[in-house]
Amino acid sequence: MSVVKSCIKICLLTALSSSSFFGYAASTHQLHHLLKISKSRLPNASAEAPVVADERAQQLSSSSWLMGLPSISLSHLGSLDNGNSYEQEVSLNLPLKSPGAYDSDSQIKQLSQAIGNQQQALQNLYLSGLIRQSIWDYRLASVKLAQLERKRTLLDKLHQQQKRLTDVGELPVANLLLLEREQVDIDLQQIQLKQQQAEAVSLFYRLTGQQLPPESIDDEPSAEQRQVSEFDNQLAQHPLWQLQRLQQQQARLLIERQQAGTQAPWTLSLTAKRTADQLDDNQLGLGITVPLGVSSALSQSELASWQQTNQEQLLQSDRTYLQLKTQAEKLAKQQETLGQQQRLLKQGLSLSRTITEELAKVKDQNQVSYEIWLRRYMDALDTESRLALNRVSQQQLHSQQLQALGISL
């Protein structure tokens, strides 16, 4: 039985030694480059080109001084009593922007540009979330597979040693079968994890065109972003929250412009008139029509429609804020929980090692069964795996916190 005890001690020393499973981490520059690649692979990537270089945008641009299309008025009046008497008039009408309309157009243009920037930021955040998901899914699956492979290697070594002892009759066959049962469980887990790993690789390839994700993300926030507990300050910069606020401002500006009557143009008329009677008379004239903003230009139906839309936007904005804040607070609590689990797992791993070593000392004295010893041996390996996975989960959760706060790669 001294041979059995020696085999057990060798396996314990090999299994309970510390190990590290951390590969290279993608730097912030590499992650930003991955985001740029992902954006360039989108079907409508050309839409990100500057407006000046976009012919469609130039065709859809508005006039800087007209509120609509110019119009020409033609009229001819003939006398019923005297066929030689008539009056002809040609008028060119130009709907000019009022000073108020010009100012509001400038504000609307700035808001439209800001909305476009936030939409791009929201797209960046969406792609960042997918990239983060693919990398961390691959990372977790890889760590689990590495832990299982290490566990399988240790069991194979123990299996070989005990098979030799079983062949010479020093150990019962049941001990060998218990090991083989554990090996089958590991093989089943590896199949599922390899599928998860393949799915993560497939998602990463569709996003970036690269074959293999980095092992982890060096997703460190800037100095002002490290206080993730300051949710209100961080969420105020969230692209989705900013986008909704800008859309509300734009809608309010449009309705205020309509109410003030600045949407109505100032009409400039250039008129040429010819009158033929006893004497021919040719005239040229200049006229301007200015709307008077003495009351609201809104109808009650227009006002009711805007009030309903505005109320819906406010409610949606409140819901968005509560959802984002709830998610950020939930992730912060999860981070705290993982930290507590990490400390307990270290303590549990130390106890598992001690228990397994003590059981190995008395195993050959028939004070405990082989099955109990093997179960404690497997528990020690599982605790060590949970410790490594918990460490990776903390890093993944940090990336999820940045995503929830609207911070892109």
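User: Which residues of α7 are buried?
Analyst: In this predicted model, the buried ones in α7 are Pro239, Trp241, Leu243, Gln244, Leu246, Gln248, Ala251, Leu253, Ile255 and Arg257.

User: And how far does that helix reach?
Analyst: Helix α7 covers residues 239-260, so to speak 22 residues, and reaches 31 Å from its first C-alpha to its last. That's close to the 32 Å expected at 1.5 Å a residue.

User: What follows α7?
Analyst: Gly261 does, and its phi is positive, near 80°.

User: OK, switching to strands. What order do they take in the open sheet?
Analyst: The order is β2-β3-β5-β6, four strands with antiparallel pairing. β2 (71-78) and β6 are the edge strands, each pairing on one side only. From one strand to the next, the twist averages 15°.

User: How many bridges are there between β2 and β3?
Analyst: Eight, in the antiparallel sense, with β3 being residues 86-96.

User: Is β6 largely in the open or buried?
Analyst: Largely in the open, because the number of buried residues among its ten is zero. Buried here means under 20% relative accessible area.

User: Now the helices α4 and α5. At what angle do they cross?
Analyst: Roughly 160°, with their axes coming within 8 Å. α4 is residues 99-167 and α5 is residues 173-208. Angles over 145 degrees count as roughly antiparallel, and α4 and α5 are therefore roughly antiparallel to each other.

User: Left-handed or right-handed crossing?
Analyst: α4 passes α5 in a left-handed crossing.

User: What kinds of residues make up that contact?
Analyst: The residues of the contact of α4 with α5 divide into 20 nonpolar, eleven polar and eleven charged.

User: How many residues does α4 have, and how far does it reach?
Analyst: It has 69 residues, and the reach is 100 Å from the first C-alpha to the last.

User: Which residue just after α4 takes a positive phi?
Analyst: That's Gly169, at about 85°.

Technical notes:
Residues are numbered from 1 along each chain as its sequence is written. This is a predicted model: local features need pLDDT of at least 70, side-chain atom pairs count only at pLDDT 80 or more; totals for chains, interfaces and linings use all residues. Side-chain values use heavy atoms; hydrogens and water are left out. Buried means under 20% relative accessible area, exposed over 50%, partly exposed in between (1.4 Å probe, protein chains only). Helices (H or I, at least four residues) and strands (E, at least two) are DSSP runs, numbered from the N terminus. Axes are lines fitted to C-alpha atoms, for helices over the stretch in contact, and angles run from 0 to 180 degrees between N-to-C directions. Angles under 35 degrees count as roughly parallel, over 145 as roughly antiparallel, 65 to 115 as roughly perpendicular and the rest as oblique. A crossing is left-handed if the near helix is turned anticlockwise from the far one by less than a right angle, and right-handed if clockwise. Ala, Val, Leu, Ile, Met, Phe, Trp, Tyr, Cys and Pro count as nonpolar, Asp, Glu, Lys and Arg as charged, and the others, Gly among them, as polar. The expected span of a helix is 1.5 Å times one less than its number of residues. Two strands pair if DSSP finds at least two bridges between them.
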